[in-house]
Amino acid sequence: MEPESLYNLLQLPKVVDPLVEEELQQGQKKKYLPPTSRKDPKFEELQRVLMEWINTELLPEHIVVRSLEEDMFDGLILHHLFQKLAGLKLEVEEIALTEASQRRKLALVLEAANRSLQVEEPQAKWSTEAIFSKDLMATLHLLVALAKRFQPDLPLPASVQVEVITMESTKSGLKSEKSVEQLTECSTDKDQSQKDVFDELFKLAPEKVNAVKEAIVNFVNQKLDRLGLSVQNLDTQFADGVILLLLIGQLGGFFLHLKEFYLTPNSPAEMLHNVTLALELLKDEGLLNYPVSPEDIVNKDAKSTLRVLYSLFRKHKLEAGTDGTPRGSPN
């Protein structure tokens with residue numbers, strides 16, 4: 001069956017570009033944007049804002065993006081953008097010329113980005129396969145997530161949603177399904193999601209920050225005393241993740257095997273490994289009510305470090321009995 005007849009069968013308008021003029025393999029799904037979605041003013045504005053943001057970030061490297069659909073698929077620009085935003089050096093090949101090497105590079109970059117965003121690929125709205133096949137929606141979902149994580153003040157248009165058509169090749173023929181995908185939040189939801197108690201504390205009562213730090217330092221030192229450790233500076237001493245992991249172990253009643261983390265990290269990558277592991281442990285316990293990036297802890301961001309330590313303080317301090325001993329036995 002020719003592609004033209006597929007459109008007639010589905011009674012869908014033919015999208016000349018970027019529809020691939022070929023049959024889908026059986027079992028394969030592909031998303032398409034009809035012309036009405038592509039011409040939506042908010043959708044066009046979102047692409048413009050993201051493109052200008054990327055070009056501004058990568059200006060020192062003389063990298064220019066002209067199309068989010070055509071320029072992002074091979075991982076090159078995503079590689080440079082993520083390194084710049086996260087302040088990390090990714091161990092991937094700089095220039096990937098073959099399709100296999102491009103796909104491999106993109107997968108490594110997305111793996112690092114997903115860790116930073118604390119998203120697992122099955123739950124992500126993007127994937128290596130989708131972005132490599134120039135799925136514009138997947139690319140936009142990823143870029144919006146990166147912008148919200150690394151530049152939350154970027155003026156993304158609110159409530160951007162577009163209709164997409166998903167076509168699937170099955171044994172019984174071609175099936176299509178229309179749906180609406182939301183790319184950016186409503187303004188009220190967005191404003192609310194970016195605020196928590198520490199945003200308010202740092203903004204409205206900065207004079208109380210030191211008092212909070214002092215209370216948490218006392219709590220931490222009480223727990224670390226039996227290990228012969230002490231903390232004087234919350235902003236710097238948790239950056240490598242070592243004390244954080246030991247504290248979590250003390251509070252949870254377990255010790256991590258030395259093979260699982262770097263006791264004396266010698267590089268930002270090893271520090272990031274430690275902090276990422278610590279955040280995963282806290283996430284498994286349901287302690288983090290606000291997304292925290294491991295890069296922020298490594299970069300000694302005071303607010304992020306306080307969020308993490310307060311999650312432990314709140315759970316274990318409030319659960320302590322009047323004699324100061326935790327209620328319930330440790331795992």
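Guide: A residue is called buried when its relative accessible area is under 20%, exposed when over 50% and partly exposed in between (1.4 Å probe, protein chains only). This is a predicted model, in which local features need pLDDT of at least 70 and side-chain atom pairs count only at pLDDT 80 or more, while totals for chains, interfaces and linings use all residues. Residues are numbered from 1 along each chain as its sequence is written, and side-chain values use heavy atoms, with hydrogens and water left out.

Visitor: What percentage of the residues in the chain is buried?
Guide: The chain holds 16 helices and 3 strands, which are DSSP runs numbered from the N terminus (helices H or I, at least four residues; strands E, at least two). Of its 331 residues, the buried share is 46%.

Visitor: How many of the 11 residues of helix α5 are buried?
Guide: Helix α5 covers residues 76-86 and is largely enclosed by the rest of the structure, because most of its positions fall under the burial cut-off. The buried ones are I77, L78, H79, H80, L81, F82, Q83, L85 and A86, and among the elements that cover them are α3 (41-57), α4 (68-71), α7 (128-132) and α15 (294-298). The number of buried residues in α5 is therefore 9.

Visitor: Which residue takes a positive phi just after α5?
Guide: The value of this phi is about 70°. The residue that takes it, just after α5, is G87.

Visitor: Are α5 and α6 roughly parallel or roughly perpendicular?
Guide: Residues L76, L78, H79 and F82 of α5 meet K105, L106, V109, A112, A113 and S116 of α6, where contact means heavy atoms within 4.5 Å. The two axes, which are lines fitted to C-alpha atoms over the stretch in contact, with angles from 0 to 180 degrees between N-to-C directions, lie 9 Å apart at an angle of about 30°. Because angles under 35 degrees count as roughly parallel, over 145 as roughly antiparallel, 65 to 115 as roughly perpendicular and the rest as oblique, α5 and α6 are roughly parallel.

Visitor: At roughly what angle do the axes of α3 and α8 cross?
Guide: From α3, the residues F43, L46, Q47, L50, W53 and I54 meet L136, M137, L140, L143, V144, L146 and A147 of α8. The two helices are oblique to each other. Their axes come within 11 Å, and the crossing angle is roughly 55°.

Visitor: Which residues does I54 contact, leaving aside its neighbours within four places in sequence?
Guide: I54 is one of the core residues that touch the most other members. Leaving aside those sequence neighbours, the contacts of I54 are V65, L68, M72, I77, L81 and L143.

Conventions
Core = buried A, V, L, I, M, F, W, Y, C linked by side-chain atoms within 4.5 Å.
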